[in-house]
Amino acid sequence: MNTGLYIHVPFCVRKCPYCDFYSVSVSENGLSGSYTEAVIRNINRYTSEYSDIIFDTVYFGGGTPSFMDSSFFSRVLETAGRNLSPEAEITMEVNPGTVNFEKLNSFRSAGINRISVGIQSASDSELYDLGRIHTFREAAEVVNDGFRAGFTNISADLMIGVKGQNSESLVNSVNSIAGLGVQHVSSYMLKIEPGTPYSRSGISELIPDDDESADMYLLAVRTLAERGYVQYEISNFSRPGFESRHNLKYWHCEEYIGIGPSAHSFFGGRRFEVPRNLSLIHI
Ligand code: SF4
């Protein structure tokens, strides 16, 4: 049976102030080595119990998967072994500021065939206010290095409704990202999540309100369409034939297994979630 596999990598160089995804700062722990073993144990548990699983998509999300060494990805994919389809779409999220050409090359050799680069904006002041660890130029270099390393399927993230953003800077971000030649764009609206530093900072007074954000979203949809990106669900756009197969599983209610703290699964007709606690996965 075809199944998606999501692996959560719960480490970040530092926490972005708007982010509610489960991750811990790298400096807070030395767990990345033992985390590899825990992920492998969990995959083996599924494949020994359900030997007919075929993973036709694999998605390494986070957190910051690109913080990990390529040996993490090769060991995980080797573990999936005979349960991994030779045609599998294997995506990894990449945070600019954590990779260079050599590292991207090693990810490609490890079996990753699609990368999703967290560019977010072409405006360095917007990136600064988001607490990102990179400039637009550095993010653009990562995309270029990705193509040089042999990736032929690259996605970029674009954030809408951020502090300081206006119609002009948004159109510039869309055009700058499209100009890099990426095949896919994921475009999400900033949401102020309770409990994040953003929610305590009063920044909601400084970002576009709901109506302005809605107008910006529609502007992004139009500009992406002009650049040849077809909208195939609310937040995702691609050149024809480059829709994310893993993403479409969520929309088509197909099954997937999530591994790692905070990961969600839809498997065996049930939906369930791993607790947001890194220490529990080591038990
Ligand atoms: S790098 Fe990504 S997962 Fe990590 S804190 Fe920033 S937005 Fe969240």
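This is a predicted model: local features need pLDDT of at least 70, side-chain atom pairs count only at pLDDT 80 or more; totals for chains, interfaces and linings use all residues.
The ligand is surrounded by C12, K15, C16, Y18, C19, G62, G63, T64, N95 and R132. By class, this shell holds 4 nonpolar, 4 polar and 2 charged residues.

Strand 11 spans residues 256–259. Strand 1, residues 2–9, runs parallel to strand 11. The two are joined by 4 bridges. In one of these pairings, G4 of strand 1 has Y256 of strand 11 as its bridge partner. Strand 11 is covered on both faces. Y256 and G258 are buried on one side, and I257 and I259 are buried on the other.

The largest nonpolar core contains 66 residues. Within this core, F60 and F72 have the most contacts. Helix 8 (residues 210–226) supplies the largest share, with 6 residues. A second core is separate and has 10 residues, among them C16, Y18, C19 and V162. Beyond its neighbours within four places in sequence, F72 is in contact with I7, V9, Y35, T36, V39 and F60.

Helix 2 covers residues 70–80 and includes S70. S70 has a relative accessible area of 17%, so it counts as buried, the limit being under 20%. With neighbours within four places in sequence set aside, S70 is in contact with S106, F107 and A110.

Methods. Residues are numbered from 1 along each chain as its sequence is written. Side-chain values use heavy atoms; hydrogens and water are left out. A residue is near a molecule or strand if one of its heavy atoms lies within 4 Å of it. Ala, Val, Leu, Ile, Met, Phe, Trp, Tyr, Cys and Pro count as nonpolar, Asp, Glu, Lys and Arg as charged, and the others, Gly among them, as polar. Buried means under 20% relative accessible area, exposed over 50%, partly exposed in between (1.4 Å probe, protein chains only). Two strands pair if DSSP finds at least two bridges between them. A nonpolar core is a set of buried Ala, Val, Leu, Ile, Met, Phe, Trp, Tyr and Cys residues joined through side-chain atoms within 4.5 Å. Contact means heavy atoms within 4.5 Å.
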